[in-house]
Structure formats: structure tokens, C-alpha cells
Amino acid sequence: MLGCDAMVKCLEAEGVKAVFGYPGVAIAPFYNSMLNTQEIESVLVRTEQNAGHAASGYSRVTGKVGVCAVTSGPGATNLITGIATAYADSIPMVCITGQVESTLLGSDVFQEADITGAVESFVKYSYLVKNAADIPRIFKEAFHIANTGRRGPVLIDVPIDIQNAKIDKFHYPEDVNLRTYKPTVKGNAAQIKKLLKELSKAKRPLICAGGGVILSGAQQELDRFASTYQIPVVHTMMGIGVLPTDHGMYYGMVGNNGKPYANVAMNESDLLIVVGARVADRAVNQPELITENKIMVHIDVDPAEIGKNAASTIPIVGDVKTILNQIFDEGQEISTAAHKGWIDTLDGYREKLAKKRNPRPGFVDPAEFVKRLSMSMKDDGIYVADVGQNQIWSCANYFMKKGRFLTTGGMGTMGYSIPAAMGAKRALGDDAQVVAVCGDGAFQMSFMELATMKQHAINVKVIVLKNNYLGMVRQYQHFTYNDNYSVVDLSGSPDLEMLAKAYSIPFVRVTDMEDIDKKIADFLESDETALMECIIDPMDLV
Amino acid sequence: MKKIYSVLVENRSGVLAKIAGLFARRCFNIDSLAVGETDDPTTSCMTIVSSGDERTIEQIEKQLNKKLDVFKIKTFDETEAVPRELMLVKVKYNRTNRPEIMEIAQAMKADIVDMSKNQMMLQICDRPDRIQTLIKLLAGVSIVEIARTGTLALPRCTD
């Protein structure tokens, strides 16, 4: 058996169903071995960055490790943005890169790039394989590292001669033995007791939930925690979907693009329980002030996040789901009578501080559109939002039922939604409903994947909110530079109807809100990839 | 605030670059760095002297701990440890200033380890502040070149 056969066997052993990638000579042995597996599909993306985003989408809807495989040099460097995006959002991935012959490493031969060096600050760990016999151990470790502790991407760089080297016997290890890596799972019992003690005294408790809750698969536990103890819940952008929108304890997204009443709730709470969130700049403007006049509990799997941006009174390190279950195992009865007044106050704020929009008629109102769209989707539908004004409209108006909302909150990578939606759909199969919503800027960064979807029969509904501008930057220039617009005009964009025709996919253009529900329903119904263009007011602001 | 980090890492290629890269990326200072194998050949010990405010000092330890090649970190103050540095210093001498240089060497417990007709090399192994003193004292004569290690340190012995 060759090293490249072993690589494929490792992926089979990990239960991988799809590898997103782009071949080249340095990864050719691996792709040749991929012909021998019936279990894993090779999906040919149209540019390497999208292999990373597709693997991210695959991972986020399955909770499994997403896998991508590209060639050396430019293939590997093109993938970097995908890796960095996954790293910023803590998405578990294994990224395989081909590499030039190990004996030539360092001599700047054709398509050589020091990819392990280049991605060092965007990966959880990386390997440069120097011996084919190490392949099973390295793959086992890589999958383990990617999907435990604080999740993240792991890169495996495999020189072509190592892929082609003979190995005696394939044995996939059952356990990993990493003496330097033992992430904390269980929370400290004494700290949990302290939390419950503070909770019993609190009058205005609040949970701020982040992406860590979803990564840990702890949505039900969070619901139970919030419902049992009557604690209102706000969330970060990565935390969208921790609770259904119509949940009694749900009070919206925080941050400069969030709901004003959610931010007020953060400021006025006397016990703030931050769960699986970083207290990052976009969620909390002045993290050093957020801890004033309150007890802050910070639950996170990564000890380095605790105290990085805001000093917490009670830090609890460990897996969110495990810790929430530990809280219940304590079985402490807590009177929630005092919380009633607080909840009433928040309800009042919600009423008073709701943002009112005044959309210009004759266009699609993106805020109302997102609401109608997400309400029309299947209960367990997957909504993938891109980056820009469209992201903010999506975040603010998405109606969460039992589905998932995916977006990149950490890196804010334009062009994420289409490939990520494609990866999610490939992972979930025929019954899943997956919708990508992007602006016309991000669309033009990623629409080459329409070909991939066509080729691999991956049915994703793509919606472009078109305003002929890089809207988020235009809005910034509107406020910061008094409407002196520079380099934000998207004139020259293609006619999307003709583009859809070129890819032979159904197309619908929506120019206003008339009959919008029917148009959305018809669009979602078709059983192939389809493109919808919504004409929105170019001067609209989020 | 000055801190000494004694970091046990996997003795593998690329680990030094990863640790140094972490300091650069997160804008942490490295005042000095010394690396060497321990009694276990699979393990190296990095002694890193760094400074920063309280939050930085804490973040350095936490971020180091996140690196998968790191398996143990001890953080301590200079006062809680025995810090040592090694320095080689080459000076030009002549008949007139030779006695003065020899006197300085003796007072500072530096050894003369090499000599030519008009140059001599001193070696000192001592606390970082004493090394600094020697440099200051020799600045009066002409220093040709200096090589010094970073600080090595171990926490003081306990009972």
C-alpha cells in the first residue's frame, strides 16, 4: 500500500463522506487513490478558497470535521482565506495540501510554498509529513485535535514522494496519545457552586450565548437552563440560532449591529453569564466596562478567552454542554420570582427600542424579505448569510425555528455563503433545504461554484440582494466621508438572468414586495439549484 | 512588569518558530530567549523573559499553553529564581590599560579565556544585572564585540 492509499483509508475510517478540493500534480497521488473509495465523494470546487468554505459548511451542519484537499504552492495559498475563516469561527476542519518532493523542500522549486509556515497563526495545529508510516497516526491526531477542545482547522502537508512511498501495513490507531494536549471538558465543581449561589441572589440575570454553544451542541441544554431558571438570553452573531426566535426567554443579538434592547439588557444585568462567547469587539464595544456593577460568569472551553477581553468574576473552563449539565446535576432549587420584574422590564425595552425602518417603496425591503424568507423555509432549513449589509439584515431579521443559521462572524469573509451552503447541502443530502443569501459583491466573488453545484447535483437556493454597490462600505463612506464614495460602485456587473441561463438554472427577479410570499414559496420549491435576484434600494442603510 | 517563563516544549523542528511567531503576532515582548535540550532528549526548555501589564503577562501564559507543542509552563519573577546569563566580551588592550582591565575582570569574577597581542576575551556567567555592570565598566576601554546568551533561570530550590 502507498502513502496516498493510506490517506484515503484514514478518511474512510473517520467516516468522511465528501472531500472538497482542487487537484494538481503535488496532490495527484491522493486523488488517484480517491478513485478506489466508494464511500467518499470528491467535489471539485472552482477555486481553492471555496474548498475551505464548503468544508466549513459541511462541518457546521454535521458537527463532524470538514475535509478539503488541494495541491501545493498556489493551491495551498489560495486555501489560506478558507482556513483563516474557519479558525476565526472555531470550525473543525482537516486541510490536506500536496507538497513538492521532500528532498527538494527549501529549494524554491516549481509550486513550492511553505504552507505550514504560512498558516501557523490560522491553524490549531499543522503537520509536514516526513515519513509515510506516520500517516495513520497523524490523521488520527489531526481529526482529534480539530474536533475537541476549542475546535479549529488542522493542516496536513504531504510531499508527493511521501504519498507515493510504500508502507508495510495499514493500521488506523484507535486512540491518540498526545502528551501536550488534554483539553478540559468538565467544569470545576466549586466554580459551578459559586455560579448557582450568585444566581440565587441575582435580580437581573442574563445569559449571553455565543457560537461555542452551537459548536458544543448545547442548544437544548441552554434552553433548559434559561427556561428552568427564567434567565433571559441574548446572543452574539455566531450565537444566532441558540434559541428559536419565538422562545419566551429570547431577547435578540447584541453588538453594534444588534438589537438596542439586547445591549441595554447587557448593561443593566446584575449577573451576566457569558457562554461560549469571546466578548469580542463587535459584540461588546467596551469590554472593560461591561463588567462594571455586575458579577460576570464566563463559561468557555478556551482558558485564554477568559480574561482576554473582559475580566470575569467567576471563570468556568470546559465544554459548554457538559457544564450546563453539571449545573443541573447540582439539582439546586432557585427561586425565580425576582426575575419576573426584570423580564417585564426587558419586554418594555423590546417594545420601546425596536428599530423602525422606513423602506423606500418600489424596491424589495431586505429586512422584511429576510423575515418572510426565513419564515417560509422548512423548520429545519439552513440559512447561510454572507458578509456586508446583507449579513446585518439577515442577522437582524432571520426568524429561527429549528434550523441553522450560518455566517462568518469572526473573519467576515465575503463570498462565504455560496460555497458554505454547498458544503452544508452535500453533507445533509436531498431532503435538506439550504439557502444562501448574499449581496452582489460577494456573489461575484463566488458564483463560479454554481458550476460545482450543477456538476455534483447539489441543490442550493441562491439569493442575491442586489444594490449595485459594496453596500456596507458605501454606508461607511456615507457616514464617515459625507457620501464621498470611493471604489464601491459595482457597475459592470453581469446580467444575472443571462448568467443563470449560462449555467442553465432557473432564475427569478424580484423588484418589489408584491406577492413576495408566493414568489419565495415558488422559488424554494424547485428541486434544483436556482437563482433569485432581489432589487433593493441602493441607498438603504442597515 | 518583568516575568520569566520556563516553557517545556516538544524537541521538534519548527517549534521555536511557532513560539517566536506567537509572541510577534500578539505583540508580546521578548526581552530574551534561551533554548536547550533537557535531560529528556524529546523535550526542550525555553526560558523566555518578557514584560507587560498584568493582562499581557497572563495572556502570554495562556496563549503559550494553547500551543500543542507546549506541555508545561512555569512563570516566575526574577526574585523567585536563580537567573544566569553567559557573556563573552572581546576588548582591545594596551600596556597602559591592561592592569585596569585585569582588575575589573577580577572584581567581576570574569575569566580571561583567550588573548592575543592586543585583544583579550573575557567570559562571565552571572546575574543579568551583573553582566550589565561589566559591560558598563568595560565601556571605558574599547569593546570589540560581545556575544551573550539570553537569561536562563530556574525557580529557587524548595524543601
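Between the two chains, 11 residues of chain A are in contact with 13 residues of chain B, two residues being in contact if their C-beta atoms, placed from the backbone, lie within 7 Å. On the side of chain A that touches chain B, 5 residues are nonpolar, 3 are polar and 3 are charged, where Ala, Val, Leu, Ile, Met, Phe, Trp, Tyr, Cys and Pro count as nonpolar, Asp, Glu, Lys and Arg as charged, and the others, Gly among them, as polar. This is a predicted model, in which local features need pLDDT of at least 70 and side-chain atom pairs count only at pLDDT 80 or more, while totals for chains, interfaces and linings use all residues. Residues are numbered from 1 along each chain as its sequence is written, and chains are lettered from A and ligands numbered from 1 in the order in which they are written.

Chain B is divided into domain 1 (2–76) and domain 2 (82–155), with bounds that come from an automatic or database domain assignment, and the centres of these domains, taken over C-alpha atoms, are 29 Å apart. Their contact draws 9 residues from domain 1 of chain B and 7 residues from domain 2 of chain B. On the domain 1 side, strand 1 (2–10), strand 2 (32–37), strand 3 (43–51) and strand 4 (70–76) of chain B each supply at least two residues, and strand 2 of chain B gives the most, with 3 residues. Helices (H or I, at least four residues) and strands (E, at least two) are DSSP runs, numbered from the N terminus.

Further along chain B, strand 5 (residues 81–92) pairs in the antiparallel sense with strand 9 (residues 152–155) over 4 bridges, pairing being assigned if DSSP finds at least two bridges between two strands. B:Pro83 has B:Ala153 of strand 9 as its bridge partner. Strand 5 of chain B also runs antiparallel to strand 7 (residues 119–126) of chain B, with 8 bridges, B:Lys92 being partnered there by B:Gln119.

Chain A holds an open sheet of 6 strands in the order 9-8-7-10-11-12, with parallel pairing. Strand 9 (250–253) and strand 12 (314–317) of chain A stand at the edges with a single partner strand each, so one side of each is left without a neighbour in the sheet. Strand 11 (residues 295–300) of chain A is joined to strand 12 of chain A by 4 bridges, and A:Val297 has A:Ile314 as its bridge partner in strand 12.
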